[in-house]
Amino acid sequence: MKLLYKNWGETTLEFYLEFLDINLREWDSDIEHMTEIIALFADCAPDDEEFDNMTLDEFKSLWEELAWTRREYRPTVANYEDLVPVPHKTLTLGAWIDCDHYLKEGHSHWPECLAILLRTPKALYDYDPTEKRDEMLKIPTNQALATLYNFFDWKQNFIKENVGLFQDPDWDKVENEEELPPEELARIRQEIAHDKRKAPFSWLGLVWELSGHDITKFSGVFNTPVILVFNVLAMRKALKI
């Protein structure tokens with residue numbers, strides 16, 4: 001049995017996601033898990049008769065050949081051709097919101113996120129990323145992961161710099177609760193309950209506020225650079241307006 005790949009740069013994102021799916025699945029035994037991995041890299045079925053005819057030493061040798069897959073892989077540099085990463089500082093609010101959504105959905109939605117982050121030079125984000133999913137699945141794994149990890153790092157730093165705008169509220173905490181009269185505490189609790197119900201729609205609420213409650217201006221808000229949006233929000237919070 002011959003293994004087809006020697007490093008992640010030889011594989012596509014589609015292959016890498018299949019590898020992740022296998023590793024995240026629950027297995028009845030380590031042997032079953034190892035067989036699935038070897039079969040993936042040999043492009044054969046896990047019940048292929050070659051496994052039945054294989055000695056334990058041959059099986060162990062194949063598993064050792066794949067030791068590189070069990071090491072952390074975090075590329076930050078890759079050679080790009082037609083599609084290149086969008087400069088993070090130019091990302092729009094709409095692109096940020098959609099990337100945030102797809103990343104929260106898990107690794108199976110990385111292709112949609114990449115469809116937003118990888119484009120031809122000067123291309124605008126005016127398309128449905130799901131329509132580019134198949135194209136993203138075919139890009140080399142190192143390009144995909146370098147793009148995602150660089151975005152993760154930038155996003156994490158951006159959130160740190162604007163931590164006050166991203167902190168999740170403590171829904172159950174009311175300052176000086178014991179000092180408040182019952183009717184005032186009841187009013188605050190009612191406001192908290194209202195805000196808690198709105199939380200799942202917070203991005204839409206933000207766009208609603210920034211558009212001046214005018215749905216015809218949503219497009220303009222979505223196309224505003226995300227850095228500018230959060231600078232405005234920080235200013236409004238500081239000035240309490």
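Buried means under 20% relative accessible area, exposed means over 50%, and partly exposed lies in between. The exercises below apply these cut-offs to a predicted model.

**Exercise 1.** Classify Glu65 and Lys6 as buried, partly exposed or exposed, and state how their side chains meet.

*Solution.* 
1. Glu65 has a relative accessible area of 39%.
2. Lys6 has a relative accessible area of 53%, so Lys6 is exposed.
3. The side chains of Lys6 and Glu65 meet in a salt bridge, with 3.6 Å from N to O.
4. This pair links distant parts of the chain: Lys6 is in the segment before H1, Glu65 is in helix H4 (residues 56-65), and 59 residues separate them.

Side chains of opposite charge can pair when their charged atoms come close.

**Exercise 2.** Find which salt bridge Lys155 forms with Asp100, and decide whether each residue is buried or exposed.

*Solution.* 
1. In the salt bridge between Lys155 and Asp100, the closest N and O atoms are 3.3 Å apart.
2. Lys155 belongs to helix H8 (residues 141-161) and Asp100 to helix H5 (residues 93-104), so placed that the pair links distant parts of the chain, 55 residues apart.
3. The relative accessible area of Lys155 is 15%, so Lys155 is buried.
4. For Asp100 the value is 9%, and therefore Asp100 is buried.
5. A network of salt bridges links Asp100, Lys104 and Lys155.

**Exercise 3.** Describe the salt bridge of Arg133 and Glu112, and classify both residues.

*Solution.* 
1. The closest N and O atoms of Arg133 and Glu112 are 3.0 Å apart.
2. Arg133 is in helix H7 (residues 133-137), while Glu112 is in helix H6 (residues 110-117).
3. Arg133 has 26% relative accessibility and counts as partly exposed. Glu112, at 5%, is buried.
4. The whole structure holds 6 salt bridges, as found by a search.

**Exercise 4.** Where does Thr11 lie, and which polar contact joins its side chain to that of Thr141?

*Solution.* 
1. Thr11 lies in the segment before helix H1 (13-24).
2. Its relative accessible area is 2%, so Thr11 is buried.
3. The side chains of Thr11 and Thr141 are joined by a polar contact of 2.7 Å.
4. A polar atom of the Thr11 side chain also lies 2.8 Å from the backbone oxygen of Trp8.

How values were computed:
Residues are numbered from 1 along each chain as its sequence is written. This is a predicted model: local features need pLDDT of at least 70, side-chain atom pairs count only at pLDDT 80 or more; totals for chains, interfaces and linings use all residues. Side-chain values use heavy atoms; hydrogens and water are left out. Helices (H or I, at least four residues) and strands (E, at least two) are DSSP runs, numbered from the N terminus. Buried means under 20% relative accessible area, exposed over 50%, partly exposed in between (1.4 Å probe, protein chains only). A polar contact is a pair of N or O atoms within 3.5 Å; within protein, one must be able to donate a hydrogen and the other to accept it, and residues adjacent in sequence count only if both atoms are side-chain atoms. A salt bridge is a side-chain nitrogen of Lys or Arg within 4 Å of a carboxyl oxygen of Asp or Glu.
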